Amino acid sequence: MGIQNLSAPPRAQSAPADNPSRTRRHGGGITHDNTRHTTRFVVIGNHLVQHKELSLLAIGLSCHLQSLPAGAGADIKSLAARFPEGPTRIAAALRELEAHGYLRRERHRTQTGRIVTRTVSCNQPHASRREPADTGCPPAKRTPPPPRRTGPKALPAVPRPSSTAPALLQTALDLLADLRRRDARLLLSATDTAHLVPGVAAWLERGVAPSAVRHALTTGLPDEPLRRPAALLAHRLTDRLPPPPPFRTQSAVVPPPRHPLQNCEGCDRGFRAPETESHCRDCRAAVASLP
């Protein structure tokens with residue numbers, strides 16, 4: 001009878017149910033060969049790299065964003081130029097990070113009036129929402145916040161033309177409907193178009209060519225998606241409105257006198273001339289050439 005090995009387990013140990021990444025094969029699994037970093041490194045929390053709901057692309061993209069220096073390009077266009085996944089998959093990964101609090105996109109207006117988007121990468125999501133420590137004091141009474149508006153914010157006002165001629169308004173309407181051919185993000189609803197038509201008509205009324213209006217509305221747009229293109233166009237119509245053309249008086253032009261029609265006494269041909277003339281031009285020239 002052999003001697004039983006008391007140190008050996010009675011049967012193979014299975015991986016815990018709550019840790020599916022652990023291998024079931026005895027002696028397998030990952031090991032680490034780590035070297036301590038002293039320069040050029042970033043600290044990433046396990047709550048991100050082991051997140052159970054984020055995709056692998058979103059996790060890797062968040063790690064890349066946290067490693068970037070302040071001011072580096074983090075928009076979809078810059079990331080698509082850096083990685084092979086393409087703008088569609090990168091945009092989906094950014095939405096994942098934004099939904100789980102690892103990313104914020106804030107819109108700011110520069111001094112020149114241009115709207116830019118700043119991407120904020122958060123290494124600890126919702127860190128600013130921690131519960132206050134218990135001090136034993138009764139909670140202070142807080143004034144309930146005013147109810148928030150559930151509907152969309154009203155569009156900014158636009159300039160109004162002095163004339164409401166149907167041809168002028170139709171030209172403005174056609175110009176706005178054609179903007180989506182220049183940039184697909186400028187697809188406007190019927191309500192937004194009706195709001196913007198007077199602003200475009202005010203530009204046309206001031207002598208601005210339709211091509212110049214189109215250039216002012218579509219040049220220098222931000223690279224990221226436009227959440228409210230109508231609001232951006234309304235701001236540009238107001239902020240960049242050119243002055244009215246200079247007032248010019250029409251100079252009074254005196255038309256030439258219209259002489260009565262009469263018959264020439266020399267050739268009986270009809271001609272127009274002052275009543276003091278009795279002969280046509282040819283007869284007068286013939287008389288003048290006589291010696």
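Select R214: leaving aside neighbours within four places in sequence, R214 is in contact (heavy atoms within 4.5 Å) with L175, D178, L179 and R182. This is a predicted model, where local features need pLDDT of at least 70, side-chain atom pairs count only at pLDDT 80 or more, and totals for chains, interfaces and linings use all residues. Residues are numbered from 1 along each chain as its sequence is written, and side-chain values use heavy atoms, leaving out hydrogens and water.

Stay on R214. R214 is found in helix α8. Helices here are DSSP runs of H or I, at least four residues long, numbered from the N terminus.

Now select α8 (residues 210-218) and α9 (residues 229-239). They pack at about 120°, with axes 9 Å apart. Axes are lines fitted to C-alpha atoms over the stretch in contact, and angles run from 0 to 180 degrees between N-to-C directions.

Next, go to α2 (residues 56-67) and α4 (residues 87-99). Their axes come within 9 Å and cross at roughly 80°. That makes α2 roughly perpendicular to α4 (65 to 115 degrees). Select L57, A58, L61, S62 and L65 in α2. They meet R89, I90, A93, L94, E96 and L97 in α4.

Methods: Helix = DSSP H or I, 4+ residues; strand = E, 2+ residues; numbered from the N terminus. Parallel < 35°, antiparallel > 145°, perpendicular 65-115°, else oblique.
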